[in-house]
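Let's take a friendly walk through this protein together. Have a look at the sequence and the 3D view, and then read on.

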Amino acid sequence: MCIKQLSVFIENKPGSLADITGLLGENDIDLFSLSIADTAQFGILRAIVADYEKARRLIAEAGYTVKLTDVLAVAVHDSPGELAGILRLLAESRNDVEYLYSSVRNAGESALIIFRVKEPELTARFLADKGVRLLTQEEISVL
Amino acid sequence: MRHIYWNETMERMDRSSLRAIQDERLRDVVRRVYTNVPFYRDRMQQAGLTPADIRGVQDLHLLPYTVKQDLRDHYPFGLFAVPQSEIVRIHASSGTTGKPSVSGYTSGDVDRWSELMARSMYCAGVTRGDVVQIAYGYGLFTGGLGAHYGAERVGASVIPMSGGNTARQMMLMEDFGTTTLCCTPSYAMNIAESLREAGVTIDRLKLKVGVFGAETWSPRMRYLIEQALGIDALNVYGLSEVMGPGVSMECLCKQGMHIWEDHFIAEIIGENNETLPYGQEGDLTFTTLTKHGMPLLRYRTHDICHLTDEPCPCGRTHIRMGPIQGRTDDMLIIRGVNVFPSQIEHVLLGIKGIEPNYMIVVDREGALDTLEVQVELSAELLGDTVKEIEALRSKIQTKLGNDVLVHADVKFCQPGSLVRSDGKAKRVVDRRKM
């Protein structure tokens, strides 16, 4: 049910982000979704890509601390209120959301919501019961 | 300039009488350690010595050196020369790894320490009627209690503030009419700056003198502190292994610190373990003459300085040591706390997933030292939320703080980002300008 997300530790210095995204671009790795959490000292880059193993290797070889994290992904229609609906359900599930971000592939069509929760299996089952379908790794790969 | 003496007979004794006291007390301490401390008996026997071979100071060079590692090897109480039941106080300072260097005092030792610190207070002109604010840390560190006992002995009113809480320090300094400030020179500088920021001018204070130690400082810094606080800023020296503050103290002539020679013999040892003549710089080495709890023979402090026996205008006859010029080992002094890089390494290597690559960066912001420990973060340790990474950071900081006794800022770096050098890695960058 979970999909793999790249989590990369980056020091706050100019060029780090360009470095990593550039590396992925050069190797034809398409970024489906990306978010950055930042503090004064460092940032954490989170990204969803198709070939996550290859991406992980490339980033590690370039000298970054990188690991794969299990997250959940939902596709919703890109229209007002859709995200709020999902968030309301997540709140109901009483399973803490560690973080959440979203991206739109084609305007007006579907939007991707990525989130990490403490217990992904529980949340996945809860959402399925409510009729929300989670995306699988395979589906992500062919987006 | 009017000089006062706490113990004029001893402090102004002619050199030959002083030497006779040293001879007698050296014979006594050698007998005591030979009888009561197996470590010293073994060392002396290995050198083919019995107590009778040490007739006086002229034979001092025959005795073995003591180094910090010896304290560690006999941790915690192995070098005590009296039963533990005779020990009334235990202090400790930084060791080179997880275990500290321990020092034990009999009630007689505490009494003599108070006497020497009282002499030191008199060197600074501090006496009954003075208000002494002690902003050295109280605790295992000898600074707080050492200064405290000396100030009480001379009959001053003592404010046992301990370090930190600068706002409160300033308030009491003004309200209580503090005349004497005891702390590290960098903390004195910090207080001076905070007073200026708060708009407190020195005419609102009664400060006249500072007894500053536990750190080296430059003549320029002395000048700045004296100007900012309107005081005489004097150097005090000591280390817990040998006693604590009051091993030596500068008088108002400010021409080096008088070593209380009726209680300690100081030597300067060169790179080839030879005793150097007065005037030359080397490793300051002490033999304690009157300590009963933990006497030490020829203890190598690793502090670099010179000695001089030129007469001092203050009238004291005891020799003086120059300011500490540096260390013969890699010990750092951060906010008055002795820190060995090996202690930091020890803590880091105890945390699973920390790469064995790190960098220690010491700097000075305003008047206060900062310690940053840069650590490479492995994928194993990487959490992917800010909360997790901050939790790990604070865990390492707490562990460092507990072991090293000074706050360290931990900064995570990418693997491989820290400079590696050929052979021995350079792990310490000290950016402080004294």
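In chain B, strand β12 (residues 282–288) and strand β13 (residues 299–305) run antiparallel and are joined by four bridges. Strands here are DSSP runs marked E of at least two residues, helices are runs marked H or I of at least four residues, and both are numbered from the N terminus. Two strands pair if DSSP finds at least two bridges between them. Across from B:Thr285 stands B:Arg300 in β13(B).

This is a predicted model, in which local features need pLDDT of at least 70 and side-chain atom pairs count only at pLDDT 80 or more, while totals for chains, interfaces and linings use all residues. Residues are numbered from 1 along each chain as its sequence is written, chains are lettered from A and ligands numbered from 1 in the order in which they are written, and side-chain values use heavy atoms, with hydrogens and water left out.

The open sheet has five strands in the order β11-β10-β12-β13-β16 of chain B, with antiparallel pairing. Its edges are β11 (275–276) and β16 of chain B; each has a single partner strand, so one side of each is left without a neighbour in the sheet.

Which residue in β6(B) is the bridge partner of B:Cys183? That partner is B:Phe212.

Contact means heavy atoms within 4.5 Å.

Two packed helices are described by the angle between their axes and the distance between the axes. For α5(B) and helix α6 (residues 142–153) of chain B, the angle is about 75° and the axes are 7 Å apart. That makes α5(B) roughly perpendicular to α6(B), a label given to angles of 65 to 115 degrees.

Helix α2 (residues 15–36) and helix α3 (residues 38–46) of chain B pack at about 105°, with axes 5 Å apart. They are therefore roughly perpendicular to each other. Among the residues that meet there are B:Val30 and B:Tyr34 in α2(B), and B:Pro38 and B:Met44 in α3(B).

Strands β19 (residues 354–365) and β20 (residues 368–377) of chain B pair in the antiparallel sense over nine bridges. They form a hairpin with two residues between them, and B:Gly366 in the turn has a positive phi of about 65°.

What stands opposite B:Val362 in β22(B)? There, B:Val362 faces B:Asp430, while in β20(B) its bridge partner is B:Leu371. Strands β19(B) and β22 (residues 428–430) of chain B pair in the parallel sense over three bridges.

Notes. Axes are lines fitted to C-alpha atoms, for helices over the stretch in contact, and angles run from 0 to 180 degrees between N-to-C directions. Angles under 35 degrees count as roughly parallel, over 145 as roughly antiparallel, 65 to 115 as roughly perpendicular and the rest as oblique.
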